[in-house]
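Hi there,

I hope they are handy while you look around in the viewer.

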Amino acid sequence: MADRRLQVFHTVARLLSFTKAAETLHMTQPAVTFQVKQLEEQFNTRLFDRTHNRISLTEAGMVVYEYSERILSLYSEMSNRVGEMTGDLRGHLLIGASTTIAEYMLPRVLGDFKMKYPDVQVRLHVGNTDKIVHMIEDNSIDLGLVEGVVTNKSLATLKCCMDNMIVIAPADHVLAEHQTVSPRELLDFPFVSREEGSGTREVTMEYLSQEGVDPQDLHITMELGSPEAVKGAVEGGLGVAVVSEATVLKELALGSIVARPLDPPLARPYFFVYQKQKFRSLVMDEFLEFSKERCAKDFLSLPKQRGVIRS
């Protein structure tokens, strides 16, 4: 029901990019341009200045943007209040998730949520923790699910569940003879790390520091951008790594790697992140409760796989 032209304009104005707006809205760029042009014709004025492949809001554009924020927010509130009265849950939800969560946890959650609420359209963006937090900050998504600590005080966080971190190594590695691995023992082997900005990397380095080990002393041989790449490097004998236990169940079952718990243990929380001042829709509240319950259940019921020794 909300004016589509206003929705498209608001997205372009927020991102200051027709290309990014088209990607976010799953539209073609010409279609986005057409919608904005129609709105400009309605107001008989330009809403954007276009110079050197960059755009900025005109004075009139800033006024329209301010009102569009209020209009779209009120429309969302109206839809959700009516939904609360009728028990009919429908609408859109833009979610961002860090790589580990998106690949290993969310698919089952989203599948079950879609079965329960078929009229809710969920779109998922994937990136490392830093990227997802930035998307929340610039209002590109409604809700984030990340592995790292969020320091921005304007954002609200809600703990989802805890994730156990373990050390993995090639199947024939000397660590296979160990019951546990101490932080200092990690310095004895080549180390495969996630990239800068990754929640996995951040929590690992913080853990080492807290245990009196300088992360700079790690012999990092590779920095990789996904859990799959890290596992492949370890399987190929390029080093050891610290990863989420949930990411290696298949490899442990196949016996292609071994895993040992850290001593002292390392567990990290997964957090939902959203803007404090933004109206929380009924769809978002329902997804928060649904996914929190489901994720906690999944992580608590992780099977004990061959190759994992728990202290």
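Three nonpolar, four polar and five charged residues make up the lining of the second largest pocket. This is a predicted model, so please read everything below with that in mind. The pocket holds about 260 Å³ of space. Its lining takes at least two residues from each of α1, α2, β4 (120-127) and α7 (129-137). If you want to click through the lining, it consists of Arg 14, Leu 15, Lys 20, Glu 23, Thr 24, His 125, Val 126, Lys 131, His 134, Met 135, Asp 138 and Ser 140.

The largest pocket has a volume of about 1400 Å³. It is lined by 41 residues, and those closest to its centre are Gln 7, Leu 72, Ser 76, His 92 and Asp 142. Sorted by class, this lining has 14 nonpolar, 17 polar and ten charged residues. Which elements each supply at least two residues of it? They are α1 (4-15), α2 (18-25), α4 (59-86), β3 and α11. Of the elements, α4 gives the most, with eleven residues.

While you are at α1, have a look at His 10, which is found in that helix. His 10 counts as buried, because its relative accessibility is 9%, and the cut-off for buried is under 20%. Beyond its neighbours within four places in sequence, His 10 is in contact with Tyr 65, Ser 68, Glu 69 and Leu 72. Leu 72 is also one of the residues closest to the centre of the largest pocket.

Now for the nonpolar cores. The largest has 27 residues, and those with the most contacts inside it are Ile 101, Met 105, Leu 106, Leu 143, Leu 145, Cys 160 and Phe 287. Two or more residues each come from β3 (91-98), α5 (99-104), α6 (106-116), β5 (143-146), β6 (155-170), β10 (257-275) and α11 (282-300). The largest share, six residues, is from α11. To see how one member sits there, pick Leu 106: with its neighbours within four places in sequence set aside, Leu 106 is in contact with Ala 97, Ile 101, Leu 124, Leu 145 and Phe 287. There is also a second, separate core of 20 residues, and among its members are Val 167, Leu 175, Tyr 207 and Leu 266.

Is Glu 245 buried or exposed? Glu 245 is buried, with a relative accessible area of 2%. Its side chain makes a polar contact with the side chain of Asn 164, at 2.9 Å.

A few backbone details are worth a look too. Most residues other than glycine have a negative phi, and most peptide bonds are trans. Here are the exceptions I noted:

- Leu 16 is not a glycine, yet has a positive phi of about 50°. Leu 16 lies in the loop between α1 and α2 and is partly exposed, with a relative accessible area of 44%.
- Asn 44 also has a positive phi, near 55°. You will find Asn 44 in the loop between α3 (29-43) and β1 (48-51), where it is exposed, at 71% relative accessible area.
- The peptide bond from Asp 263 to Pro 264 is cis, with omega near 5°. Pro 264 has its place in strand β10.

His 178 is found in the loop between β6 and β7 (190-194). At 21% relative accessibility, His 178 counts as partly exposed. How far apart are His 178 and Gln 7 in space, C-alpha to C-alpha? The distance is 58 Å, and 171 residues separate His 178 and Gln 7 in sequence.

Finally, the whole protein. There are eleven helices and ten strands, and the C-alpha trace spans about 75 × 50 × 35 Å along its principal axes. Of the 311 residues, 48% are buried. Among contacts with a separation of 6 or more, 76% are between residues 24 or more positions apart.

Terms used:
Residues numbered from 1 in each chain as written. Predicted model: local features only at pLDDT ≥ 70, side-chain atom pairs only at ≥ 80, totals over all residues. Heavy atoms only, no water. Core = buried A, V, L, I, M, F, W, Y, C linked by side-chain atoms within 4.5 Å. Buried < 20%, exposed > 50% of the residue type's maximum accessible area, 1.4 Å probe, protein only. Helix = DSSP H or I, 4+ residues; strand = E, 2+ residues; numbered from the N terminus. Contact = heavy atoms within 4.5 Å. 1 Å grid on protein atoms, 1.4 Å probe; cavity = no way out; pocket = protein on both sides within 12 Å on 5 of 7 lines; lining within 4 Å. Points joined across faces, edges and corners; volume = space filled by probe spheres on them. Nonpolar A, V, L, I, M, F, W, Y, C, P; charged D, E, K, R; others polar. Polar contact = N/O pair within 3.5 Å; in protein donor to acceptor, adjacent residues only side chain to side chain.
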